[in-house]
Amino acid sequence: MRQVIRVGILIGVSSLCGAQARPLPGPDVEQIYQRLLPQIEKIAAFDHHAHPGFADDPDVDAMAAPPNASAPLRTREDNAELAAAAKALFGYPYNDLSSEHAQWLLDKKNELKKHLAGTVYFDSILDKVNIEMSVANRAMMADYLDPKRFAWVFFADSFMWPFNNERETGRNPDEGVFIPLQEKMLGRWMQQENVSKLPATFDEYLKFITRVLEDNSKRGGIAMKFEVAYFRPTTFTDPPRAEAADIYQRYVVGGIPTEREYRSFQDFIFRYLVQEGGRLHLPVHIHSAVGIGDYFSLSESNIMHLESVLRDPRYGSTTFVMIHGGYPLEREAIWLAAIKNVYLDSSFGELAQYPSAFKNTLKMWLETFPDKITFGTDCFPYNQVLGTEETYWLGVESSRTALAAALAEMISEGEITEARALGLAHAYLHDTAVKLYEGRVH
Ligand SMILES: [Zn+2]
């Protein structure tokens, strides 16, 4: 009875401050959108997931596009929005990117690169799309990226593939491209640490991994990134150290571990890296969405497989960023962000979907854990014409317009005030992500 009365009082109070939220936006929604958008465009953003670089730079990714992969509609090269991007960034005079028109764009970019030498060219691109600072998720950093504007996120997967990878490489044509690149990446870490061959003992191998993490942090790395979902299922068991050590000891000298042995070893290494990420203040970024390539297994890389790792109290001091927010399982993903040290990045969702659909993703997230979501473009230099520049633009424009639309609906439906909406916009586009790096980014 008392409870009923209390409910009655609460309803009375809430109606005084603006009534219950409505299920449909009012006729004012378009007007609110038009009012919000220019304010949202003024917010200097932090891009939490991006692969900036020139198309001919081999250090952009630790991985490569798989051969002959299918692309969803919006990410195909005939998307007219890409011509709009070139227009906005470079004054491109055509409405398509046909090869004879594209030559104009190539010439223009080459001319600008000459004028804007060193780090100035990419700084000017960030200025044009109003990104204050961007992650550079790259194999190695480039001297043409200004460290004041680009923060390195390095790849950590390769430590999981130190043995004979014949079976792993032969699994399908995509792995035939991916796994040798992991071997190459591990070789580069060894070179960096002046290690000519794999350490003889497991203890030494773990020390080598830690040394790479520490050195990368000193060289400007702010986080480590896993794209492990491309190479194996993301279900991680919890094998004891002795088991992993035994497997290492047996196969570091040669021979192919059984699939079960290899996976157990990798499970231990993955958990070791996650734990070190907490100790060394290096947030752990994990690709958690569908991936490119026709062999990418959505069921085996389901973001929910990571729940047992994310909710493990042993990793409570590790900050996790779920890159791509679990797309297309973003509804499940936002509930993982209930965990205090778990954050979502929205990149790729804004490119795989058009803004009308991406708006719904953002709205659902903003209505659930708005303080745990961060903005990213997933820009990438696909080729000389369709470069980092155009994909930055498309990612930024899509995210800002979808954000303005999501917030306009929430205001019009009586969920939040306009002042609160702008606070949420700042948090998503900049503040929430920046806070994770303890002053190392701005
Ligand atoms: Zn990416």
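His324, Tyr327, Glu330, Ser346, Gly349, Gln353, Phe358, Thr361 and Trp365 line the second largest cavity of this predicted model. Here a cavity is a set of points, on a 1 Å grid over the protein atoms alone, where a 1.4 Å probe fits but cannot get out, and lining residues have an atom within 4 Å of a point. Residues are numbered from 1 along each chain as its sequence is written, and side-chain values use heavy atoms, with hydrogens and water left out. Since the model is predicted, local features need pLDDT of at least 70 and side-chain atom pairs count only at pLDDT 80 or more, while totals for chains, interfaces and linings use all residues.

Helix H14 (residues 355–366) gives the largest share of that lining, 3 residues; helices (H or I, at least four residues) and strands (E, at least two) are DSSP runs numbered from the N terminus. Sorted by class, the lining has 3 nonpolar, 5 polar and 1 charged residues. Ala, Val, Leu, Ile, Met, Phe, Trp, Tyr, Cys and Pro go down as nonpolar, Asp, Glu, Lys and Arg as charged, and the others, Gly among them, as polar. The space inside comes to about 30 Å³, a volume being the space filled by probe spheres set on grid points that are joined across faces, edges and corners.

In total there are 2 cavities of 30 Å³ or more. The largest has a volume of about 70 Å³, and its lining includes Gly53, Phe54, Lys109, Lys113, Pro381 and Glu389. Helix H4 (99–115) and helix H15 each put at least two residues into this lining, which splits into 4 nonpolar, 5 polar and 3 charged residues.

Lys109 turns up again in the salt bridges, where it pairs with Glu390, the closest N and O atoms being 3.0 Å apart. This pair links distant parts of the chain, with Glu390 in helix H15 and Lys109 in helix H4, 281 residues apart. The model has 28 salt bridges, each a side-chain nitrogen of Lys or Arg within 4 Å of a carboxyl oxygen of Asp or Glu.

Asp267 and Arg232 form another salt bridge (2.9 Å, N to O). Asp267 sits in helix H10 (residues 259–279) and Arg232 in the loop between strand E4 (221–226) and helix H9 (241–251), 35 residues apart. Both partners, Asp267 and Arg232, are buried. Glu168 and Arg167 also meet through their side chains, at 3.0 Å from N to O. Glu168 is buried at 5% relative accessible area, whereas Arg167 is partly exposed at 29%.

His49 lies in the loop between strand E1 (45–47) and helix H3 (81–90), and Asp378 in the loop between strand E8 (373–374) and helix H15 (388–412), so the pair ties together parts that are 329 residues apart in sequence. His49 is buried, with a relative accessible area of 1%, and Asp378 counts as buried too, at 11%.

Terms used:
Buried < 20%, exposed > 50% of the residue type's maximum accessible area, 1.4 Å probe, protein only. 1 Å grid on protein atoms, 1.4 Å probe; cavity = no way out; pocket = protein on both sides within 12 Å on 5 of 7 lines; lining within 4 Å.
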